[in-house]
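Open the model in your viewer and keep the selection panel at hand. Each stop below says what to select and what is there.

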Amino acid sequence: MVAKIFRVAGISMVVGEIAVSADLMIVGGGPGGYAAALRGAQLGRNVILVDRDGEDGVGGVCLRVGCIPSKALIEVADHIHRTRSLGHAGIRTGDITLELGAWQQWKTRLVDGLTAGVSQLLRAAGVSVIAGQAQLSRPDQLVVNDPTNPLAPAQYFQFTDLVLATGSRPAALAALPRDGVLILDSTDALALQEIPRAVAVVGGGYIGLEIGTALAKLGAKVTIVEFCDRVLPAMDKAFARPVTRRLRQLGINLVVNATAQHFDGMNLHVAQSGSMVAIEVDKVIVAVGRSPNTEHLGLDTAGAVIDERGLVNVAGDRRATPHIAAIGDIVTGPALAHKATAEAEVAVEALCGQRAEFNPATIPAVVFCDPEVATAGYTADDAGAAGIDVDAVTLALVASGRAATMAARDGFLQLVWERNTTTVVGVHIVGPHASELIGQGVLAIEMAATLEDIAGSIYAHPTLSEQLGEAARLALGRPVHVPGRHR
Amino acid sequence: MSELDFKMPDVGEGLNEAEIVEWLVEVGDSVTEDQAVVVVQTDKAVVDIPSPADGVVVGHGAPVGDIVLIGATLFRLEVVGTAPDPSDHARSTPADTPAGAAVVPQQLAPARPKASPATRKRALELGVLLAGVTGSGPGGRIMTADIEASASASASASAAMIAPANGPTAPVGAKVTVPSGHDRVEPLRGTRRQIARAMTESWRTVPHVTELREIDAVELVRAQRSLRAHLEPDGVRLTFLPLFIKATVAALKAHPSFNASLDFDNELITYRSRYNIGIAMSSDEGLVVPVIHDADLKSLVDLARELDALTVAARNRSLTLDQMSGGTFTISNYGSYGTWMGTPIIRPPEAAIAGFGRVRDAVVAIDGRAVVRTVLPLAVSADHRLNDGHHLGAFVSALAHFLSDPVLLISGSNS
Ligand SMILES: Cc1cc2nc3c(=O)[nH]c(=O)nc-3n(C[C@H](O)[C@H](O)[C@H](O)COP(=O)(O)OP(=O)(O)OC[C@H]3O[C@@H](n4cnc5c(N)ncnc54)[C@H](O)[C@@H]3O)c2cc1C
């Protein structure tokens, strides 16, 4: 066999069955993969990152079709909605609308800007980025194919260590196969050029709720169809309550305990407690969870195990075998970008022979719905189930002066602590900017702060962050803004 | 249905931790009462831990390779029907709680050790187990300084014993090798970890004194050959080892301070009445020391048979906790590896250890003439806190006496 040699991003490559030797390889350019590549480079490894979409793939789902685009949409929808709804505070508006086409251009620019930023970081760190679909051909060998061109020769890499960060894709519903026009997944929904008149969102989890709320604020008639008896079924019921109230205020039609069966182009047919309901919509958005991209990785050749949910079994240091680690949406734990990034550091350090363990006290979860929901650590129920003896207080948002100036009333902050040590083990926030405020809670939990630590810190006034201190004082029996409670 | 937090039980001998060797039941799988759920390894043995009730395992307390403290959650069980009291597993009689009643865990688990991420990272780097550190911070919070103090306490304890008195003091962490290139790093686990701990403990606490001697083994070899030929038809494989054991027991009877143990903290010496002889054996995982209990009451044939059984059990990793504990003195038969002489390391709280080298022909001087005799190299290490050089000399002489005149051993009187 004649081997052709050429150069890609500075690496000599032998094409054909002869494998090029590689040091640390990363598959997937998402928040897990690119963070792993950068950490590997920091530790002096020679890093090659493979993404299906090459340079364009860096940032992964999160940057390209997930966290960032969805928040860009939510941001503008929220602006418009708040401006409209502050009539009682004296704001007089004409007709405010969002030109979705123009928004798409803005979104594309901002996503491209951020992607270019990540590429720049990778380049500066000396990471080579390669395009192609990667798969294990042997326990220590990766074969990379061009999925768009089956005739292109495959590239073989013999690696020392490998990090898999192939992420996830929208889970499909057999009854509602995606066509990208009438039946959309979250990626399609974030690429809409026009606001649909009436739309059904199938799935009341965080992704469906975020997109549904934004579209409703932008003027669409939105129906949310949920299989369970309420939205946000994975979260504590208390968090769903203020969110449900707001969904109703926004005119969103909530169809719970329901199964979407069929879309005929005019009506979405939904089975609900034995009878069929027809909901007239233009489009259906399916957001019923995510499926991990693990089935075509050839993991079995390396002796790694994939469980029945499609997740790769990994040890505490995220290694599935001595030289292969897996992180992000393809391993256990919440499918969230910051979890993928945090695991990246652990996995690469472990592969570099350092002692490492993914063992956070908490991974915060945020829903950018209205009001925002942010949770970190144990709820009182979870703690009980885990055998931890806790106590909890809930401080209503109405106690906050700053919230009043924002015309926000619906929400709360809940503090959960271990009873005998008063160590804070849970912080849960529903209300404006909960996504930002939760950082304080995470820090408190990670630092094993006690109620006195939190009550003894001074928070700027007037801010929403004061709620945390006030909740701790309430817990200690000496609140300032809650009448009649002292210990 | 109710959920039960099954805590790592005390598997005996005051051990305070165990390592997860294998999960026999995966999360989500159901188990029946007394079905083994997990295999753990303690300092002494590999033990199956059974389920206290019928149910579904809903969580593993730790992955394979992790160390679990006694009393920490080992696994969580979704119990079918009546849940037994989790602390009551040994009896495993159905508890008298009404069916379906929720179990209130007897002891509520603390959330996790109170330590910041930076402190946890440092603990991982220094190999310090957070759960074993007492926090000096507010509310018992473990501070980075606590971790470093804990690490340097063990580091300097060993440095003091090993390093020359005037040598430079090694800074904390100096012993950590930074891996480079294709170095392979693996956690210290299993039998290797136990050996490492036991040896460190011994070397750190026991001042060893070792005597080396070569003794005339002409009669010993003759006795062993004729006994072996005699017993072979009965399927008994008589090696030198039963004879070594017999001779050792006889010497111990004459010198009780070698069949003793020292409790230094309480300043007590215990002279043991039983003669339980540990035999150092190599296994795939490393050194194991099964014990022949009451060796003084056993015949050479008994000893030969028991040694065979222990060798097989060591190879199959099926030695029981009983077979691994209770030793009063240890024998290392390193001659079987071809070793001439060695300096054996004592297994505290035992007082001494004997090492037997390879029997060989050597030129020795007898009455001013060079003659070829069969010799057995002998090494005995003793805890110098209990025995001085002259005690050791007397003990080795007694051992030599019985070995060079083995007829004394088969008399059965041992003295
Ligand atoms: C609409 C939406 C909103 C979201 N909002 C948030 C949020 O607000 N906050 C949050 O934390 N998370 C959010 N997420 C989740 C977040 O996007 C994911 O958790 C995160 O992207 C996972 O990162 P990852 O590195 O595991 O993989 P991904 O980001 O999925 O990246 C995987 C990459 O690997 C590539 N790839 C896959 N297989 C192969 C292969 N065989 N060969 C080569 N390349 C391959 C893919 O092309 C992709 O680029 C959201 C997701 C969606 C869909």
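Select Arg385(B) and Phe264(B). The charged end of Arg385(B) sits over the ring of Phe264(B), with 5.2 Å to the ring centre. Keep in mind that this is a predicted model.

**Aromatic pairs**

Stay with rings. Across all chains, a search of the whole structure turns up seven aromatic pairs. Pick Trp23(B) and Phe75(B), which form one that is edge-to-face. Their centres are 6.5 Å apart and their planes make an angle of 85°.

Now take Phe240(B) and Phe244(B). This aromatic pair is stacked, at 5.9 Å centre to centre and 10° between the planes. Both residues belong to helix 5 (residues 240-254) of chain B. They are four residues apart there, so about one helical turn separates them. Is Phe244(B) buried or exposed? Its relative accessible area is 2%, and the cut-off for buried is under 20%, so Phe244(B) is buried.

**The ligand**

Select the ligand and show its surroundings. The shell counts 40 residues, and the closest are Gly32(A), Asp51(A), Lys71(A), Asp329(A) and Ala337(A). By class, the shell has 17 nonpolar, 17 polar and six charged residues.

- Lys71(A): a polar side-chain atom lies 2.6 Å from an oxygen atom of the ligand.
- Val61(A): a polar backbone atom is 2.9 Å from an oxygen atom of the ligand.
- Tyr206(A): an N or O atom of the side chain is 3.1 Å from a nitrogen atom of the ligand.

On its own the ligand has 990 Å² of accessible area, and the protein covers 96% of that.

Colour chain A by secondary structure. Which helix gives the largest share of the shell? Helix 2 of chain A does, with five residues. Several elements of chain A each supply at least two residues, among them helix 1 (31-42), strand 4 (47-51), helix 3 (67-85), strand 6 (133-138) and helix 8 (337-351).

Turn to the backbone. Most residues other than glycine have a negative phi, and most peptide bonds are trans.

Pro371(A) is in the loop between strand 21 (365-367) and strand 22 (373-377) of chain A.

Select Ala448(A). Ala448(A) counts as buried, at 6% relative accessibility.

Finish at Glu267(B). Find Glu267(B) in the loop between strand 10 (260-263) and strand 11 (268-271) of chain B. Is Glu267(B) buried or exposed? With a relative accessible area of 68%, Glu267(B) is exposed.

Terms used
Residues are numbered from 1 along each chain as its sequence is written. Chains are lettered from A and ligands numbered from 1 in the order in which they are written. This is a predicted model: local features need pLDDT of at least 70, side-chain atom pairs count only at pLDDT 80 or more; totals for chains, interfaces and linings use all residues. Side-chain values use heavy atoms; hydrogens and water are left out. Rings of Phe, Tyr and Trp (its six-membered ring) pair if their centres lie within 6.5 Å; planes under 30 degrees apart count as stacked, over 60 as edge-to-face and the rest as tilted. Buried means under 20% relative accessible area, exposed over 50%, partly exposed in between (1.4 Å probe, protein chains only). A charge sits over a ring if NZ of Lys or CZ of Arg is within 6 Å of the ring centre and within 35 degrees of the ring normal. A residue is near a molecule or strand if one of its heavy atoms lies within 4 Å of it. A polar contact is a pair of N or O atoms within 3.5 Å; within protein, one must be able to donate a hydrogen and the other to accept it, and residues adjacent in sequence count only if both atoms are side-chain atoms. Accessible areas come from the Shrake-Rupley method with a 1.4 Å probe; for residues, only the protein chains shown count as cover. Ala, Val, Leu, Ile, Met, Phe, Trp, Tyr, Cys and Pro count as nonpolar, Asp, Glu, Lys and Arg as charged, and the others, Gly among them, as polar.
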